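Here is a quick briefing for anyone meeting this structure for the first time. Have a look at the model, then read on.

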Amino acid sequence: MVFEDVTAAQRRIDCVLVAGGKWHDIDFARLELLKLLSEDDFVRVRVFEDYENIVAIEAADILVSYTCDVIPSLDVQERLRAWVAGGRRWMALHGCNSVLRFLDTGKVGAPDWAPHFMETLGTAFVAHPPVGPFEVTITAPDHPLVAGIEPFTPQDDELYLSRPTADVETLLHVDFAGHAPAFEIEHWQQDRHPLMYLRSLGEGAVLYNALGHCRGHLDMQPKVAWFPTVQRGAWRCPEYYELLRRGIAWTKEPLATGAVNDAA
């Protein structure tokens, strides 16, 4: 069989998975995402700790990322946005929209040091209350990415409180008023915070899902030598795995329909 004879259903799908960063059990998240990606025999994955191998990303069909405090260089930020706008799809998870700095006050700050990158993603992380249970509400129950999923309650996830950087289509949200005592911006009035949304860019889009916190005993080093509790957040919830499976399928849709050609 020559390549020209391969149908859309038989086409190899090249994926880049970016999994890296701080304060999280990146090994756990990387492995779980690789398992999910391996459910499609036609997906082949290259794995990196950051976005700097932009040539590999530009050659890929889809991008999946799970990072915390990993900010690309400006050139890579611009090329990432152009890649998405050209018709590609990127599923970004949890801390991908974070910039974190420990301050002399003992608080954690979220400086606005990567505005272009955060505008591409659609939000920028600001704070989260202490890890604990919260109910995830379905904002758009008729949307295929979330249709049929009932509200669910992760027991030890991080409830991300982020500021908007672009117009987005919210699919999941949480209603929150309260305090984030570890962070520079501590007090929060009642508001609706997107947890999963679509951010359109040109012919492509970003699907961002803020859920999926995970942390092991060693993942707060060097700040804390031994973190006492293993946290798995929404990874303990079957609903989260369904959202991830649908998100991965969503990244591949343009390939099945021929909306993205090989020259893009």
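Leu201 stands opposite Gly204 in strand E12. That pair is a handy way into this predicted model, which has an open sheet of eight strands, a largest pocket of about 340 Å³ and two cavities of 30 Å³ or more.

**The sheet**

- Going across the open sheet, the eight strands come in the order E2-E1-E3-E4-E12-E11-E10-E8, and their pairing is mixed.
- E2 (43–48) and E8 (137–138) sit at the edges with a single partner strand each, so one side of each has no neighbour in the sheet.

**Around strand E11**

- E11 (residues 187–201) and E12 (residues 204–209) run antiparallel, with six bridges joining them.
- Their hairpin has two residues between the strands, and Gly202 there takes a positive phi near 55°.
- E11 also pairs with E10, again in the antiparallel sense, this time over nine bridges.

**The largest pocket**

- About 340 Å³ of space lies in this pocket, and 21 residues line it.
- Closest to its centre are Val108, His128, Glu158, Phe183 and Arg215.
- Sorted by class, the pocket lining has 15 nonpolar, four polar and two charged residues.

- The largest cavity holds about 60 Å³ of space. Its lining includes Asn97, Trp113, Met118, Phe125 and Arg163.
- By class, that lining comes to eight nonpolar, one polar and two charged residues.
- The second largest cavity holds about 40 Å³. Thr123, Tyr160, Ser162, His193, Pro194, Tyr197 and Tyr208 line this one.
- Which strand gives the most to the lining of the second largest cavity? That's E11, with three residues.
- The lining of the second largest cavity has four nonpolar and three polar residues, and no charged ones.

Terms used. Residues numbered from 1 in each chain as written. Predicted model: local features only at pLDDT ≥ 70, side-chain atom pairs only at ≥ 80, totals over all residues. Heavy atoms only, no water. Pairing = 2+ DSSP bridges. Helix = DSSP H or I, 4+ residues; strand = E, 2+ residues; numbered from the N terminus. 1 Å grid on protein atoms, 1.4 Å probe; cavity = no way out; pocket = protein on both sides within 12 Å on 5 of 7 lines; lining within 4 Å. Points joined across faces, edges and corners; volume = space filled by probe spheres on them. Nonpolar A, V, L, I, M, F, W, Y, C, P; charged D, E, K, R; others polar.
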